[in-house]
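User: I would like to go through the labels used for this structure. For each one, tell me the value and the cut-off behind it.

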Amino acid sequence: MLVHVKLYSELKRYAPGEDNVFMLEFPPESTAGDLLQTLKISEEVPRFILIDGILSDEKSLLTEGCTVVIFTPVCGG
Amino acid sequence: MFGWRGKILRVNLTKGMVYEEELNPQVAKDYIGGRGLGIWLLNKELDPHCDPLSPENIMVMATGPLTGTGAPTGARYSVMTKSPLSGGITCSNSGGKFPTELKRSGFDALVVEGRSEKPVYLWVNDGKYELRNAEHLWGMTTHETTNQLMSETDVKAKVACIGPAGEKKVLFAAIMNDRDRAAGRSGVGAVMGSKNLKAVVVRGTQKIQLADPERFKEFNRQILGRFNEEAKVTPIGLRINGTAGVVTATQNFGVLPTKNWQQGTFAGWEKIDGSELTKTYLLTNSACFACPIGCGRKTRVDELEFAGEGEGPEYETIYAMGSNCMVDNLAAVVKANYICNELGMDTITMGATIGCAMELVDRGYMKEEEVGRSLQWGDAEALVELTRMTGYREGFGDKLAEGSYRLAESCSHPELAMVSKKQEFPGYDPRGAQAMGLAYATSPIGGSHMRGDPAYFELFGIPKPMDRLAWKGKAKPTQAFQDHSAIIDSAGLCIFFTVRNLVEKDLEIAPTGVLEYMNAATGVNYTLEELAEAGQRIINIERLFLVKAGFTRKDDSLPKRLTEDPMIEGPSKGHVCHLDEMLDEYYAVRDWTPDGVPTPEKLEKLRISG
């Protein structure tokens, strides 16, 4: 299945090419953790993972055509 | 007393008298300090129906028992008064160095009443105090005023003052301290201006006595040690990009208010995001007294059109002046922020009011001739120019100075003002963060993210994540966050450190770390239940004041854009905010009547008298 990936803030450097917005293909039942592994984003790297706008974690399942956004954790306002 | 100074300075401007009063230890325990002390005093002494800009209004500037003690982020003070923007109670708080200096000068709080015939400033110097002529300062910006007052009092003095906006009673004028820190919201600066009080200048060298300094030091060592260890593994986003980094989150959750809240995403967001600010205009970060985070932004813009140097912007400023007005020119947003700081205005209400004016023009409800210039979405030059005009109440700025509600109402479209209790919202669209809507509607001061901020659990997963789109079950954690905010504001702490580091990691957010600091500092020996109850007491007495001022359930409202018009695009598409359903649940959790009034039994239990 095809997944849209968008990397922002400190996570941009993990993009496989020059563009921080790209697509990746995964087998069914793949998780956000599999995506992180593909991009070589290790466990220590702080990140927020959003799948279709919902705060998710490594165990969250990817779905066909979903958008995964990963960026440095923030808070405040 | 330990932690507290035990002294309040009463300033009667009508009579030109300044005198000391003792702080009642039972009141200190029950209401903590800061925000709690302020509302206790106002509930006792202020007519809820008074004109906020009349001499009858009272303004309290209060520190908390942890302000200036060395507890992490114990640097804050609160300004409590009746708001000219909302007509209800307000509490606006700020950090920096002024609050600690005020407390070291010998006082927990200042209570300002009446109105001086001529402009004056208050000079408090290590337990001595006097009112001084300020006619030579009238008309000066906040930076000019600060420089002048330091030169004529003490170069180490700290200054809280108003700028031209406060003098001209802009309804959202701020009180600026340490040049660029703001007690920004609800027009506290207009109240100060109405009293002809230009500034409060403080110098203090008196150490704050702690009940158990060894226990305090040991707990401090543990907390800061843990914090620094964690920071090594997880670099602190707030230190790297400031609160401006939140743009990335709100955009991708689809809750970044855009085009006066018609959209939840902004095409130009990457041009105004925190990482862009860091890359382009950041000189260095800055920290308030005793803060290990340092989220402040010292910035400089060199582009000729918007050149300047100062602090900011924060996330809320970027939303209000950026996406909300569809301005993707970061230099212009930074410049408008500088102007707000120098003239002394709240950036949230300023940006939100300009965004509202843009929609009124766009829909043909207001003519550009009335504005005196073109006013289209995304007009960076208009943003900067109208901000300046508002601070001086020049031309159309005189209308903007009344805030978005009065502006939209004058065009017969009050529904286009994005407010609750006539105060503009911070930058989280509650259609995609349901509890934020409940918090806006029930905040005692109107639209605010500082009276309980559910974005922490709905968007940032702190202390635990909760489904942002669900509305059932949101009343309880919202109530818990509101009570907790009341404790933080009253103790003199900052929410940024406290919510992550001084509470239990669940949605009840039991303030165990705060309790440890409070007891070591004050020696009062609160139980966890007593401290939690103090938070509830503060919320309930604020509510009581509002009820007496005539506020009811109908005022716990949101614009119909948020409750009836589904979000048209982005990750929150199709959702509305389910406020009414959440309100029923919320009043029940609070033991309030279905009309939002605290019951006599509840007030009695909390030992609150009318």
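User: Leaving aside neighbours within four places in sequence, which residues is B:Tyr392 in contact with?

Analyst: B:Tyr392 is in contact with B:Pro164, B:Lys168 and B:Leu343. Contact means heavy atoms within 4.5 Å. B:Tyr392 itself sits in the loop between helix H15 (380–391) and helix H16 (397–400) of chain B. Helices are DSSP runs of H or I with at least four residues, strands are E runs of at least two, and both are numbered from the N terminus.

User: What should I know about the model and the numbering?

Analyst: This is a predicted model, in which local features need pLDDT of at least 70, side-chain atom pairs count only at pLDDT 80 or more, and totals for chains, interfaces and linings use all residues. Residues are numbered from 1 along each chain as its sequence is written, chains are lettered from A and ligands numbered from 1 in the order in which they are written, and side-chain values use heavy atoms, with hydrogens and water left out.

User: Is B:Tyr392 buried, exposed or partly exposed, and what makes it so?

Analyst: Its relative accessible area is 28%, so B:Tyr392 is partly exposed. Buried means under 20%, exposed over 50%, and partly exposed in between (1.4 Å probe, protein chains only).

User: How do you know whether B:Ile32 is buried or exposed?

Analyst: B:Ile32 has 1% relative accessibility, so it counts as buried. The residue lies in the loop between helix H1 (25–31) and helix H2 (34–45) of chain B. B:Asn525 is in the loop between helix H22 (512–522) and helix H23 (528–548) of chain B.

User: What makes A:Tyr8 and B:Trp269 an aromatic pair, and of which kind?

Analyst: Their centres are 4.7 Å apart and their planes stand at 80 degrees, an edge-to-face pair. Rings of Phe, Tyr and Trp (its six-membered ring) pair if their centres lie within 6.5 Å; planes under 30 degrees apart count as stacked, over 60 as edge-to-face and the rest as tilted.

User: Why does this pair join two chains?

Analyst: A:Tyr8 is in the loop between strand S1 (2–7) and strand S2 (21–25) of chain A, and B:Trp269 is in the loop between helix H9 (246–253) and helix H10 (274–280) of chain B, so two chains are joined. A:Tyr8 is buried at 6% relative accessible area. B:Trp269 is buried too, at 5%.

User: Why is the pair of B:Tyr77 and B:Phe98 given its name?

Analyst: The ring centres lie 5.3 Å apart and the planes are at 65 degrees, so this pair is edge-to-face. It links distant parts of the chain, 21 residues apart: B:Tyr77 in strand S4 (residues 77–82) and B:Phe98 in helix H3 (residues 98–104), both of chain B. B:Tyr77 is buried, with a relative accessible area of 0%. B:Phe98 counts as buried at 0%.

User: Which residues do ring pairs link into a cluster?

Analyst: The cluster consists of B:Trp261, B:Tyr319, B:Phe425 and B:Tyr440.

User: Why are H20(B) and H25(B) called oblique?

Analyst: The axes of helix H20 (residues 475–491) and helix H25 (residues 579–590) of chain B cross at roughly 55 degrees and come within 9 Å. Axes are lines fitted to C-alpha atoms, for helices over the stretch in contact, and angles run from 0 to 180 degrees between N-to-C directions. Under 35 degrees is roughly parallel, over 145 roughly antiparallel, 65 to 115 roughly perpendicular, and the rest oblique. The two helices are therefore oblique.

User: Which residues make the contact?

Analyst: H20(B) contributes B:Ala475, B:Lys476, B:Gln479, B:Gln482 and B:Asp483; H25(B) contributes B:Met582, B:Glu585, B:Tyr586, B:Val589 and B:Arg590.

User: What makes H18(B) oblique to H20(B)?

Analyst: Helix H18 (residues 434–442) of chain B and H20(B) pack at about 50 degrees, with axes 10 Å apart. That angle makes H18(B) oblique to H20(B). From H18(B), B:Ala435, B:Leu438, B:Ala439 and B:Thr442 make the contact, with B:Ala475, B:Thr478 and B:Gln482 from H20(B).
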